[in-house]
Amino acid sequence: MTTKMTLSMDSSVVAKARRISKRRRTSISAMFSNYIASLEEEPSKDNELPPITKQILEMGAELPQVQSDWDYRDELSDSLSEKYGIK
């Protein structure tokens, strides 16, 4: 059994949907229905971070906090000036 549904969206999205549905020889309703059916209701575990990324984030959490006015460009400039004796 199908139920009628009204959606509101930007006119450019509607135009794009019409072009795509024409090319695929299907209806916008069928495309929308297939898209929604393909989504999982529960978040998948695939969205979890890889173990090495988690480990690096944990290591970074132990580092001291950076001051809000710190700018890496100042540090880089100072280091390069010191290295090449520009000061």
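Glu 75 lies in helix H4, where helices (H or I, at least four residues) and strands (E, at least two) are DSSP runs numbered from the N terminus. The structure is a predicted model, in which local features need pLDDT of at least 70 and side-chain atom pairs count only at pLDDT 80 or more, while totals for chains, interfaces and linings use all residues. Residues are numbered from 1 along each chain as its sequence is written, and side-chain values use heavy atoms, with hydrogens and water left out.

Glu 75 has a relative accessible area of 41% and is therefore partly exposed. In this scheme, buried means under 20% relative accessible area, exposed means over 50%, and partly exposed is in between (1.4 Å probe, protein chains only). Together with Asp 74, Asp 78 and Glu 82, Glu 75 forms a negative surface patch. Patches are made of residues with over 30% relative accessible area and no salt bridge; like charges are joined within 9 Å, and nonpolar side chains (Val, Leu, Ile, Met, Phe, Trp, Tyr) within 5 Å. Lys and Arg count as positive and Asp and Glu as negative, whereas His and the chain ends are not counted. The place of a charge is taken as NZ of Lys, CZ of Arg, CG of Asp or CD of Glu. Accessible areas come from the Shrake-Rupley method with a 1.4 Å probe, and for residues only the protein chains shown count as cover.

Helix H4 covers residues 72-83 and also contains Ser 81. Ser 81 counts as buried because its relative accessibility is 17%. The side chain of Ser 81 reaches the backbone oxygen of Ser 77 at 2.9 Å. This is a polar contact, that is, a pair of N or O atoms within 3.5 Å; within protein, one must be able to donate a hydrogen and the other to accept it, and residues adjacent in sequence count only if both atoms are side-chain atoms.

Ser 77 and Asp 10 are 67 residues apart along the chain, and their C-alpha atoms are separated by 48 Å. Asp 10 is placed in the segment before H1 and, at 49% relative accessibility, is partly exposed. Its side chain is joined to that of Ser 12 by a polar contact of 2.4 Å.

Met 9 is also found in the segment before helix H1 (11-24). Met 9 has 42% relative accessibility and so counts as partly exposed.

A patch of positive charge on the surface is made up of Lys 16, Arg 19, Arg 23 and Arg 24. Lys 16 is in helix H1 and is partly exposed, with a relative accessible area of 48%. Arg 25 is in the loop between H1 and H2 and, at 80% relative accessibility, counts as exposed. The phi of Arg 25 is near 55°, a positive value in a residue other than glycine. Most residues other than glycine have a negative phi.

Two salt bridges are found in a search of the whole structure; a salt bridge is a side-chain nitrogen of Lys or Arg within 4 Å of a carboxyl oxygen of Asp or Glu. One joins the side chains of Arg 73 and Asp 71, at 3.1 Å from N to O. Arg 73 is exposed at 51% relative accessibility, and Asp 71 is partly exposed at 22%. Glu 48 and Lys 54 also form a salt bridge, and their closest N and O atoms are 3.6 Å apart. Glu 48 is partly exposed at 45% relative accessibility, and Lys 54 is partly exposed with a relative accessible area of 36%.
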